[in-house]
Amino acid sequence: MLNLFIHHYKTKRRRAMRTKIQSLLEKKFKEEGFKDCFLVDIKLQESNNKLEVFVDSDTGINYVKCQKLSRYLEQYIDEGKWLGEKYILEVSSPGLTRPLKFNRQYKKNIGRKVLVKLKSGEKQEGELKEVSETNIVIEQKVKVKEGKKKVTKVLTIPILFDDIKETKIKITF
């Protein structure tokens, strides 16, 4: 019973923290220099009192913007003692290893290789070519045997957002 109470308390605390951070960032994103920014995710690790805030922007997020956002959030966290005396706050971009969550992220990654995991379990890999409100279009190059020769064919594959479980940028060298 005690474990259930602790879990409920931690869940409630996480939700409250998320709401406060979202509200602060929504306000900040209305300011000049931050209007193209958006919140991607918030992670609160209770075990080490670490708050991770992942932000992005339509033109790309940089260290200076992350630093300014961190200092902005820090003043409210410190003033309200939301995380106590000792905590870790990290504000960063989601990075290439985190899945794309928002249409805006897909749009800024047009031209990059992506790996799309579908809810059906199937995977599609190719270059992200188009993004609309309802779907993405990827382009795949496949080798097909025609007679005795192998010919490269280009396939255009539309994928509905409703069918996507996860999309990640494929890092190529």
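**Salt bridges and exposure**

User: Is K35 buried or exposed?
Analyst: This is a predicted model, in which local features need pLDDT of at least 70, side-chain atom pairs count only at pLDDT 80 or more, and totals for chains, interfaces and linings use all residues. Residues are numbered from 1 along each chain as its sequence is written, and side-chain values use heavy atoms, leaving out hydrogens and water. Buried means under 20% relative accessible area, exposed over 50% and partly exposed in between (1.4 Å probe, protein chains only). K35 has 51% relative accessibility, so K35 counts as exposed.

User: Which residue meets K35 in a salt bridge?
Analyst: A salt bridge puts a side-chain nitrogen of Lys or Arg within 4 Å of a carboxyl oxygen of Asp or Glu. For K35 the N to O distance is 3.4 Å, and the partner is E32.

User: How many residues apart in sequence are the parts that D36 and K65 tie together?
Analyst: The closest N and O atoms of the D36 and K65 salt bridge are 3.2 Å apart. D36 lies in the loop between helix 1 (2-28) and strand 1 (37-45), while K65 is in helix 2 (residues 63-80), so the separation is 29 residues. Helices (H or I, at least four residues) and strands (E, at least two) are DSSP runs, numbered from the N terminus. To repeat the value, the parts are apart in sequence by 29 residues.

User: Which residues are joined with D41 into one network?
Analyst: D41 forms a salt bridge with K43, with the closest N and O atoms 3.2 Å apart. Through salt bridges that share partners, D41 is joined with R18, K43, R98 and K101.
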